[in-house]
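User: I would like to learn how to read a sheet and a pocket in a protein model. Can you take me through one example?

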Amino acid sequence: RNRPAEGKLHDLWAKALALEDANGNKAILLTSDLCGMPRWMFESICETLRQRHGLERSQIRLTHSHTHCAPVVRGELECYYPLDEVQRRLIDEYSQWLERTLVATMEEALSNLEPVKLLAGEGICTFAVNRRNNAESEVPQILARGEKPKGPVDHSVPVLAVQTEDGKLMAIVFAYACHNTTLDFYLWSGDYAGFAQIGLEKLHPNATAMFVAGCGGDQNPLPRRSVELCEKYGKMLADAVEDVLCKPMRQLEPSLKTAFAFVTLPYERVVKREDLEVARNSEVPRRRRWAEMLLKMMNEGVKFPDSYPYAVQVWKLGEQIWISLGGEALVDYALRFKREFGERTWVTSYAHDLTGYIPSSRDWEEGGYEVNCLWEYGHPAERWSPDVEERIFEAVKRLVREVDEVRD
């Protein structure tokens, strides 16, 4: 986008679900219609909840739907936008208000606990297409011929239902692995995930619908670029969730375990001054802005790090394992973790801070956009080192073992 928003298609939401098990173990989930959360806000919110409520990082899950029709937050993909001083001031004011509001939303959830049952299930929804393996312009013809688009996908729809003791539905948490990029205009919108939540709340007026994005870094809603398609995909997803709710679901034991770790992800190579001098003459405006930003930092004496602390988290709800990855993880992660840890494993991404795209080893070898664009997120590098997947896998494996071994 190269100018401010001009109105809204529908409201944007932040929603919170606080959980406490029979032994007093707590966790809180935040869902939000944001493109992403910058690292500074993730750090600040976690510290505030630690000081006020004694919650550790493992107990706090901050997620964003990654809708591309959301407000800019300070420090998040800023190089994408031609911002003047007026816009920077507005973004800063909004970001401060947003942080306070997100904390207040979570605190309200923490202060209103009541006895509930948790039920788990999983559905299917098929509109996500692997964008690395299918040309967007060719997808309508592929589908019209009744063919299956190429490449790996995760069409599963994990559903967590929260019911009162007498069986009334209070909350519906659901996930899907696909970019929220059906729309590309100048109206605020939660994209297909927004329409899905609206649809579910119309069906269940006393329940809060909460969307969590899966490992859809390489998945797009195709075809796209119309409100009609956006509404269609939202209804498809809501229907998939409703189908799960209408069938018998597994009631989860009232136990909660949480684990968290930062994984050190090295950059393949930190940029040098000569790299930035070339990049400042790029034909791509956001690359020029990135180069100018880093050159200014370099001239101020800033030393760039050679790695990034990447956030991973595992919750165990009863027997249900739920893995949460930071940034924009590509679909291979979900498929591998589910093979490794079993069918009762959910894998979602777009949590903690936005970080950048997280390619698998296969993706890294293939190259392409999602592999070579760390600079777009403000990193002083083009891509991660080639062992990115194995580093993340080993960390997640340790966390899964940790929540499995904990006993009351």
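**Reading a sheet and a pocket**

Analyst: This is a predicted model. Start with strand β3, residues 26-32, which is joined to β4 by three bridges, the two strands running parallel.

User: What holds strands of a sheet together in general?

Analyst: Strands pair through backbone hydrogen bonds, in a parallel or an antiparallel way.

User: In what order do the strands of the open sheet lie?

Analyst: The order is β2-β3-β4, three strands with mixed pairing. At the edges are β2 (14-20) and β4 (60-62), each of which pairs on one side only. From one strand to the next, the twist averages 10 degrees.

User: Which strands does helix α2 touch?

Analyst: Helix α2, residues 85-110, packs on the sheet and touches β2, β3 and β4. The direction of α2 makes about 35 degrees with that of β2.

User: Now the pocket. What is the volume of the second largest pocket?

Analyst: The volume is about 850 Å³. The lining of this pocket has 35 residues, and those nearest the centre are Leu 17, Ala 18, Leu 19, Val 162 and Met 170.

User: Which elements give two or more residues to the lining?

Analyst: They are β2, α2, β5 (116-124), β8 (169-176) and β10 (208-213). The largest share, seven residues, comes from β2.

User: How many of the lining residues are nonpolar, polar and charged?

Analyst: The lining of the second largest pocket has 21 nonpolar residues, with six polar and eight charged ones.

Terms used
Residues are numbered from 1 along each chain as its sequence is written. This is a predicted model: local features need pLDDT of at least 70, side-chain atom pairs count only at pLDDT 80 or more; totals for chains, interfaces and linings use all residues. Side-chain values use heavy atoms; hydrogens and water are left out. Two strands pair if DSSP finds at least two bridges between them. Helices (H or I, at least four residues) and strands (E, at least two) are DSSP runs, numbered from the N terminus. Axes are lines fitted to C-alpha atoms, for helices over the stretch in contact, and angles run from 0 to 180 degrees between N-to-C directions. Contact means heavy atoms within 4.5 Å. On a 1 Å grid over the protein atoms alone, a cavity is a set of points where a 1.4 Å probe fits but cannot get out, and a pocket is an open set with protein on both sides within 12 Å along at least five of seven lines; lining residues have an atom within 4 Å of a point. Grid points are joined across faces, edges and corners, and a volume is the space filled by probe spheres set on the points. Ala, Val, Leu, Ile, Met, Phe, Trp, Tyr, Cys and Pro count as nonpolar, Asp, Glu, Lys and Arg as charged, and the others, Gly among them, as polar.
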